[in-house]
Amino acid sequence: MKEAIIYLLFDNWCNSEHEPEVKEAMDKAIQNPTEDTIFQLSSITEANAFKAGVRECLKMFRELLVDNPEK
């Protein structure tokens, strides 16, 4: 289970480039690569990955505790 959570979080971080907010920040950082634009891109990417990871972990807990209470 621990590995599944780690892989899930990593996948969410890697796949966050498809989010419009991340795409916009990425475009800004590429067009004007300053400390601020790169930090903003990093922050937005991490925040989106964290939120997606929390949602997925909640789904896992629901499956474990609510949908399969006998396990």
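This is a guided tour of the structure above, given as a series of selections.

**Before selecting anything**

The model is predicted: local features need pLDDT of at least 70, side-chain atom pairs count only at pLDDT 80 or more, and totals for chains, interfaces and linings use all residues. Residues are numbered from 1 along each chain as its sequence is written, and side-chain values use heavy atoms, with hydrogens and water left out.

**Whole chain**

Begin with the complete chain in a cartoon display. It contains three helices and zero strands, and its elements run α-α-α from the N terminus on. Helices (H or I, at least four residues) and strands (E, at least two) are DSSP runs, numbered from the N terminus.

Next, switch to a surface display. The accessible surface of the chain is about 5,700 Å², and carbon and sulfur atoms account for 59% of that area. Accessible areas come from the Shrake-Rupley method with a 1.4 Å probe, and for residues only the protein chains shown count as cover. Of the 71 residues, 23% count as buried. Here buried means under 20% relative accessible area, exposed means over 50%, and partly exposed lies in between (1.4 Å probe, protein chains only).

Contacts may be displayed at this stage, a contact being heavy atoms within 4.5 Å. Among those between residues at least 6 apart in sequence, 59% join residues at least 24 apart.

**Helix α2**

Select residues 20-31, which make up helix α2. Show the side chains of K23 and D27, which meet in a salt bridge with an N to O distance of 3.3 Å. A salt bridge is a side-chain nitrogen of Lys or Arg within 4 Å of a carboxyl oxygen of Asp or Glu. The two residues are four apart in α2, about one turn of the helix. An α-helix has 3.6 residues a turn, so residues three or four places apart point the same way. K23 is partly exposed, its relative accessible area being 43%, and D27 is also partly exposed, at 31% relative accessibility.

Side chains of opposite charge can pair when their charged atoms come close. E24 has a relative accessible area of 47% and is partly exposed; K28, at 39%, is likewise partly exposed.

**Helix α3**

Select residues 35-67, the extent of helix α3. This helix has 33 residues and reaches 46 Å from its first C-alpha to its last, close to the 48 Å expected at 1.5 Å a residue. The expected span is 1.5 Å times one less than the number of residues in the helix.

Which residues of α3 are buried? They are T37, L41, I44, T45, N48, A49, A52, G53, C57 and M60; colour them as one group.

Within that group, centre the view on N48, which is buried with a relative accessible area of 14%. Leaving aside its neighbours within four places in sequence, N48 is in contact with E19, E21 and V22.

Proceed to E56 and K59. These residues form a salt bridge, the closest N and O atoms being 3.4 Å apart. Both lie in α3, three residues apart, about one turn of the helix. E56 is partly exposed at 26% relative accessibility, and K59 is partly exposed at 48%. With this pair, the three salt bridges of the structure have been shown.
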